[in-house]
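Work through the exercises below with the model open. Each task is followed by a stepwise solution.

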Amino acid sequence: MFAKLAVFLLPAFVAGQAYGPPPGPAAPSTTSAAAAVIPSAPANSGNQININVGAGGAFIYSPANISAPVGSLVTFYFPGDIPHSVSQSTFANPCTYLAADPNNASAPVGFDSGLVTASTFTINVTDENPIWFHCRQLTHCGSGMVGSINAPLNGTNTYANFLAAAVALGGNAPNVSLG
Ligand SMILES: *[C@@H]1O[C@H](CO)[C@@H](O)[C@H](O)[C@H]1NC(C)=O
Ligand SMILES: *[C@@H]1O[C@H](CO)[C@@H](O)[C@H](O)[C@H]1NC(C)=O
Ligand SMILES: *[C@@H]1O[C@H](CO)[C@@H](O)[C@H](O)[C@H]1NC(C)=O
Ligand SMILES: *[C@@H]1O[C@H](CO)[C@@H](O)[C@H](O)[C@H]1NC(C)=O
Ligand SMILES: *[C@@H]1O[C@H](CO)[C@@H](O)[C@H](O)[C@H]1NC(C)=O
Ligand SMILES: [Cu+2]
């Protein structure tokens, strides 16, 4: 039931997401050439939820699995010096970027931070549907660098199953070049 529901809702939830550069004055600069790193994510406050990407050199999002009410802003901090990304995928294909469909201009296109360091990237949570994402740096997704927002807590489409599917791909996870 959960699998069918999530697949059915996918176009709607993708269309409902808004994402882009970090909003507001609190976000640190992403353009300083002198600073190779930025601070780790500050504590959550109000509707602002923060996630570290690759903190301490580990190939993980911390936390990797969150719930975020509609209206939340989820900001990813990239405090380390190894390039990582936050790239939207689907439950069915955890390590495959949800790229534009050249045959369907109205098909959903996933968010992608790019492979970056010393940066932040913010997603606006505009509906309750699950959001699945991965790191598209070579080998990272297949080693378990995936995350979810509002994943179902039970049934098939849980974060635990998403993570297990990514790890099962391992070295067979697709390598993409998005330029
Ligand atoms: C995300 O939400 C913030 C605060 O509500 C708003 O300032 C910003 O423009 C939104 N970003 C996008 C890409 O919709
Ligand atoms: C194109 O994508 C839209 C949005 O996901 C979908 O509703 C439509 O059925 C797709 N069209 C084709 C021909 O696949
Ligand atoms: C499954 O999770 C939903 C919330 O996501 C909850 O309402 C429901 O009671 C849970 N069912 C079981 C069997 O744990
Ligand atoms: C994911 O987060 C939910 C709470 O939002 C928690 O109940 C669940 O156990 C977590 N799953 C894993 C695999 O960490
Ligand atoms: C992706 O690249 C990594 C590192 O070069 C390699 O180990 C892996 O086999 C590649 N995966 C595929 C599916 O080509
Ligand atoms: Cu990574």
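**Exercise 1.** Classify cysteine 141 as buried or exposed.

Solution. Cysteine 141 has 4% relative accessibility. Buried means under 20% relative accessible area, exposed over 50%, partly exposed in between (1.4 Å probe, protein chains only). Cysteine 141 therefore counts as buried.

The model is predicted: local features need pLDDT of at least 70, side-chain atom pairs count only at pLDDT 80 or more, and totals for chains, interfaces and linings use all residues. Residues are numbered from 1 along each chain as its sequence is written, chains are lettered from A and ligands numbered from 1 in the order in which they are written, and side-chain values use heavy atoms, with hydrogens and water left out.

**Exercise 2.** Find the disulfide partner of cysteine 141 and assign the handedness.

Solution. A disulfide is a pair of cysteine sulfur atoms within 2.5 Å. The S-S torsion is about -85°, so the disulfide is left-handed. Cysteine 95 is buried too, at 2%.

**Exercise 3.** Which atoms coordinate the copper ion (ligand 6), and in what arrangement?

Solution. Donors are N, O and S atoms within 2.8 Å of the metal (3.2 Å for Na, K and Ca); water is not among the atoms, so sites may look incomplete. His84 (ND1), Cys135 (SG), His140 (ND1) and Met145 (SD) coordinate the copper ion (ligand 6) at 2.0 to 2.6 Å. The angles run from 94 to 126°. Four donors count as tetrahedral if all angles lie between 85 and 135 degrees. The arrangement is therefore tetrahedral.

Technical notes
Tetrahedral: all angles 85-135°; square planar, octahedral: opposite > 155°, others 65-115°.
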